[in-house]
Amino acid sequence: MIPVARRRLATGLGAVLLGLVALLFAKLGDQMQGAFAAMVARWPLAPLVVTPAVFALGAWLTTRWFPEVRGSGIPQVIAAARDPERSANSPLVSLRSAIAKFVLTLAMLVSGGSVGREGPTVQISAAIMVAVHRFLRVPITSGVLLAGGAAGVSAAFNTPLAGVAFAIEELAAAYEQKVAVLVMAAVMVAGFVSLGISGDYVYFGAMRHSLALGETLAVVPVVALCGGIAGGLFSRSVLGFAKSQSPILVALRARPVRLALGCGMLVAIIGVVTGNSWGTGYDTTRGMVEGEAASSWFGAAKFVATLATAVGGTPGGIFAPSLSVGAGLGSLLAPLFDAPPGAIVVLGMAAYFVGVVRAPLTAVIIITETTASRGMVLPLFATALIADAVSALVSRERLYHGLSKAFLPSAQPSREALE
């Protein structure tokens, strides 16, 4: 078999496999959240024990055995793409790490952690793509990692265009034509797998409203400013906690299990008090997008729960929780304007998400595809660009790229030191 054909076979086979795994991950994640909700309905105070215990166990396992799977998974892929030949044999994108990420993220969801599965899907998908290429003896390039990660975003959200945009904005340091073709091929195949099994669905429900020019000029600056500030504060807080040399924070980082236990207790208390800050926040967000009212404190509660989960050091993504926080922000601002609440919720999702991850094109495409709000494209672009500029003033360093530095070879402690 000629090398070009073998490379295409590896990309296609990898995309099929990661698409299937992403669908399984999504189904099991929903079941885990359902099991947790059933537990809370029967024993409302059980999370005060279960959530901190699982956080602490996850931190212990991550620290001792799987340090490469802590957090989102996207920083790991960014770090791996900087040196793909070396990373092909490293734990960052190994099947061992992918399995650990899969299981531990589900454990976080079944314990009520404010995490998403999209970031973990990116790392898992990149690992699958690398494994298939190694099996077929195809050289590992940055394009292989980018294609795997992008296809993971596509399969997780059922958003093919967002997968390509995410590869351009977040995963790739330099974007070349060969990488573009590889990414689009992987995204297409993974998308067909998702479409064939799950059908065509809109992730966050359909939002059919649009804004007139006058409404756009009134709403967009306010929502973008608030979302950019809030998202920038989240990003700065996470990066600051990870890098600060404050004696208190250094002491907390030196005791990861105790830190996770405390963060888990905070998440549990917030969840018991509010009742809907658990997990991805998907159901509440979908309701707001489709016009249902939500508690005014949902966005703030979800912000704190997600921040506590993120600094706790356990595996789990922030994509879906960030969109939920943004929806809560939009719902809180909606009464200030004479405009459709669903439209303002969608703008809030874009503003806060961009404030956190600083990827405006990805945000607009994800939200357009997940809410079927094609009539909102121009207001979404305006909101995303303003929020990106505002967030940059609050947190100069981009979240995922800042976190990726901890996974570079020079920053990795020895296995003996971890044990």
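These legends go with a set of close-up views of a predicted model.

View 1. Take the contacts with a separation of 6 or more: 81% of them come from residues 24 or more positions apart.

View 2. The average pLDDT of the protein is 85, and 87% of the residues reach at least 70. Residues 173-177 are one stretch to watch, with pLDDT below 50; setting aside near neighbours in sequence, that stretch makes 3 contacts in the model. Residues 414-419 also have pLDDT below 50, and there the model shows 9 contacts beyond near neighbours in sequence.

**View 3. Thr51 in helix H2.** Helix H2 covers residues 47-64, and Thr51 is part of it. Is Thr51 buried or exposed? Its relative accessible area is 0%, so Thr51 counts as buried. Once neighbours within four places in sequence are left aside, the contacts of Thr51 are Phe36, Ser111, Gly264, Val267, Ala268 and Trp278.

**View 4. Ser322 in helix H15.** Ser322 sits in helix H15, which runs over residues 319-333. With a relative accessible area of 1%, Ser322 is buried. Which residues does Ser322 contact, leaving aside its neighbours within four places in sequence? They are Tyr352, Phe353 and Val356.

View 5. Searching the whole structure turns up 6 aromatic pairs. Phe319 and Phe353 make an edge-to-face pair, with 5.0 Å from centre to centre and 85° between the planes. Why does this pair tie together parts that are 34 residues apart in sequence? Because Phe319 belongs to helix H15, while Phe353 belongs to helix H16 (residues 341-357). Both Phe319 and Phe353 are buried. Phe353 also turns up among the contacts of Ser322.

**View 6. A nonpolar patch on the surface.** Leu9, Leu13, Val16, Leu17, Leu20 and Ile197 make up this patch. Together they have about 470 Å² of accessible area. Which helix gives the most to the patch? That is helix H1 (residues 3-42), with 5 residues. Leu9 is in helix H1, and a relative accessible area of 39% makes Leu9 partly exposed.

**View 7. Positive phi at Arg137 and Arg358.** Arg137 is not a glycine, yet its phi is positive, at about 55°. Arg137 is placed in the loop between helix H6 (118-135) and helix H7 (142-157). Arg358, another residue other than glycine, has a positive phi near 55°. The loop that holds Arg358 lies between H16 and helix H17 (360-371). Which of these arginines is buried, and which is exposed? Arg137 is exposed, with a relative accessible area of 72%, whereas Arg358 has a relative accessible area of 14% and is buried.

Definitions and conventions: Residues numbered from 1 in each chain as written. Predicted model: local features only at pLDDT ≥ 70, side-chain atom pairs only at ≥ 80, totals over all residues. Heavy atoms only, no water. Helix = DSSP H or I, 4+ residues; strand = E, 2+ residues; numbered from the N terminus. Buried < 20%, exposed > 50% of the residue type's maximum accessible area, 1.4 Å probe, protein only. Contact = heavy atoms within 4.5 Å. pLDDT = per-residue confidence, 0-100. Patch = residues over 30% accessible without salt bridge, like charges linked within 9 Å, V, L, I, M, F, W, Y side chains within 5 Å. Areas by Shrake-Rupley, 256 points an atom, 1.4 Å probe, with all protein chains shown as cover. Salt bridge = Lys/Arg side-chain N within 4 Å of Asp/Glu carboxyl O. Phe/Tyr/Trp six-rings, centres within 6.5 Å; stacked < 30°, edge-to-face > 60°.
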